[in-house]
Amino acid sequence: MSALGTVTIKADGLTRRFDDLVAVDALSLSIGKGEIFGLVGPDGAGKTTTMRLLTGILEPSAGEAWVAGHHVWREAEMVKENIAYMSQRFGLYPDLTVMENIDFYADIYGMPRKGRAERVAELLAFSNLTPFKDRQASKLSGGMKQKLGLACALVHTPKVLFLDEPTNGVDPVSRRDFWRILYQLLQEKVTIFVSTAYLDEAERCARVALMDKGRILATGTPAKIKTLMHGALIEVRTPDARKAAAILREQIEVQSVGLFGDRVHVVASDAARTIAEAEAALGRAGFKAISLKTIEPSLEDVFISVLAEKGEEAHD
């Protein structure tokens, strides 16, 4: 597939049905060599099914895909030699040590003994696991288990790395460390395809695709995706965000009102008017807003806005 040029992952009309459920619906995308690409969406969006299609674990109901220059199903063995796939339940062996787990995966990938010790030492240092190489996997923290899983996946030096929600349930510090390691991989021109439900993580990707109910809603750089949100984003801080959101939904006309932790995000076409109306509505209800101001939208804000727009289109 030399015609793909610098495209490392390509999908064309990729579809997967499970009886009446369309889990992936005519997905098409191209990902370049050495790019980190994020697939973003809620649980049930179709992210894991997409990963399993692109890694050859599942066959499509329709469409085609190429990875590392090879057709995913017609040249399955060639694809497997060039990829690593870290699923949500990556198979670490709890009774084996860190070193034994990496060595086991090296055997699975058919890695020759010559040069193996150097590669394993490199991976241990790379993932900061050298001090823990003799510790059983069962006694590692969640973040360390994720790093060990990544080291095992990388032992055969793949060209393409598939990561399915790799930091799900991991603490924020370990998430940051994990992403630091991913950025180091980019220097080696590894193509990284990562799915995540954390939209703050998606902002670390070169490009992202927003996915919902099996369909890609938008694709582009995080900055480009942010331009899809029409209107201004207003942040409202009050002592009781949940109650404030309910009041604003009832009393002012805006595109959307959403809860973001201890704050309320309001999307409106006229920021100045909406701020005044929101302050008045909260005042009538006995609320004193700590602050009302326009802010830069996050990918999460954009995703909610795009979903709201799609919902309105479906009801038109």
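What share of the contacts in the protein between residues at least 6 apart in sequence join residues at least 24 apart? The share is 68%, where a contact means heavy atoms within 4.5 Å.

## About the model

This is a predicted model, in which local features need pLDDT of at least 70 and side-chain atom pairs count only at pLDDT 80 or more, while totals for chains, interfaces and linings use all residues. Residues are numbered from 1 along each chain as its sequence is written, and side-chain values use heavy atoms, leaving out hydrogens and water.

## The overall picture

Let's start with the whole protein. It has 11 helices and 14 strands; these are DSSP runs numbered from the N terminus, with helices being H or I of at least four residues and strands E of at least two. The C-alpha trace spans about 75 × 45 × 35 Å along its principal axes.

Of the 316 residues, 48% are buried, meaning under 20% relative accessible area with a 1.4 Å probe, protein chains only.

## A space inside

A search of the whole structure turns up 1 cavity of 30 Å³ or more. Here a cavity is a set of points on a 1 Å grid over the protein atoms alone where a 1.4 Å probe fits but cannot get out, and lining residues have an atom within 4 Å of a point. The volume, about 60 Å³ for the largest cavity, is the space filled by probe spheres set on the points, which are joined across faces, edges and corners.

Strand 12 gives the largest share of this lining, 4 residues. Residues lining the largest cavity include Phe260, His265 and Asp301.

Methods
1 Å grid on protein atoms, 1.4 Å probe; cavity = no way out; pocket = protein on both sides within 12 Å on 5 of 7 lines; lining within 4 Å. Buried < 20%, exposed > 50% of the residue type's maximum accessible area, 1.4 Å probe, protein only.
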